[in-house]
Amino acid sequence: MLLDAFSPPETTLLKRERKLVERALKSNKPVLGIGFGASLIAEALGAIVSPAVQPEIGWQPLTLADDSPFDLPETFEALLWHRDIFGLPDGCLPLGSTPGGPVQGFAWDAGRVIALQCHLESTAQGTADLCDHDLPATAAYVQTRDEILRDPKRFDRQAALLDRVMTQWLDGR
């Protein structure tokens with residue numbers, strides 16, 4: 001199951017999404033949540049999800065946690081696009097942190113469930129479209145459209161990181 005969303009759906013749909021996440025977590029199937037999907041998983045596992053003091057939108061350095069189960073570089077650049085933060089649920093192993101967010105994802109149930117706050121799946125075109133529809137004014141951790149799209153090779157580098165995460169995730173199943 002893959003959950004990926006940049007912004008929450010309507011209230012009725014949100015209730016359905018929450019039920020779907022809870023059922024998926026109780027199953028023995030792999031579950032991957034990205035962005036808002038990661039927040040839904042964190043919430044279902046008992047973590048507090050709340051608005052961030054500062055949204056994180058754009059490229060940020062992500063530092064892998066010492067006890068991270070992810071096969072990723074110690075530090076890498078990732079595209080972030082979120083206005084909420086979540087705590088690390090009990091029994092989860094952290095992905096890592098950015099200067100603006102202490103929890104950028106986690107793995108649960110021996111890696112069967114992965115939640116990523118960062119958007120390693122993003123493409124240059126998809127991000128350009130998102131910038132045209134959902135980019136707030138710049139702030140401490142919010143970049144401009146030009147800053148976000150300046151180097152298209154960033155998307156290739158993070159696609160390779162997503163391949164590593166997906167391979168590890170699916171090999172473990």
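Biologist: How does Asp-151 count, at 25% relative accessibility?

Modeller: Asp-151 counts as partly exposed at that value; the class lies between buried (under 20% relative accessible area) and exposed (over 50%), using a 1.4 Å probe and protein chains only. The model is predicted, so local features need pLDDT of at least 70 and side-chain atom pairs count only at pLDDT 80 or more, while totals for chains, interfaces and linings use all residues. Residues are numbered from 1 along each chain as its sequence is written, and side-chain values use heavy atoms, with hydrogens and water left out.

Biologist: Which residue forms a salt bridge with Asp-151?

Modeller: Side chains of opposite charge can pair when their charged atoms come close. The term requires a side-chain nitrogen of Lys or Arg within 4 Å of a carboxyl oxygen of Asp or Glu. Here the partner of Asp-151 is Arg-157, with 3.2 Å between the closest N and O atoms. Arg-157 is partly exposed, at 43% relative accessibility.

Biologist: How many salt bridges does this rule count?

Modeller: The count is seven. One of them joins Asp-109 and Arg-112, at 2.5 Å from N to O. Asp-109 is partly exposed at 35% relative accessibility, whereas Arg-112 is buried at 1%.

Biologist: Which parts of the chain does the pair of Asp-71 and Arg-164 link?

Modeller: Distant ones: Asp-71 sits in the loop between β3 and β4, and Arg-164 in helix α5, 93 residues apart. Helices (H or I, at least four residues) and strands (E, at least two) are DSSP runs numbered from the N terminus. The closest N and O atoms of this salt bridge are 3.1 Å apart. Asp-71 is partly exposed, with a relative accessible area of 46%; Arg-164, at 33%, is also partly exposed.

Biologist: How many residues does the largest nonpolar core have?

Modeller: In soluble globular proteins, nonpolar side chains tend to be buried together. A nonpolar core is a set of buried Ala, Val, Leu, Ile, Met, Phe, Trp, Tyr and Cys residues joined through side-chain atoms within 4.5 Å. The largest one here has 19 residues, and those with the most contacts inside it include Phe-70, Leu-72, Phe-76 and Cys-118. At least two residues each come from β2 (31-35), β3 (49-64), β4 (75-86), β8 (113-116) and α5 (153-171). Helix α5 gives the most, with four residues. A second, separate core has 18 residues, among them Ala-24, Leu-25, Val-31 and Phe-86.

Biologist: Which residues is Phe-70 in contact with, leaving aside its neighbours within four places in sequence?

Modeller: Contact means heavy atoms within 4.5 Å. With those neighbours left out, the partners of Phe-70 include Leu-64, Leu-95, Phe-106, Ile-114, Leu-116, Val-165 and Gln-168.
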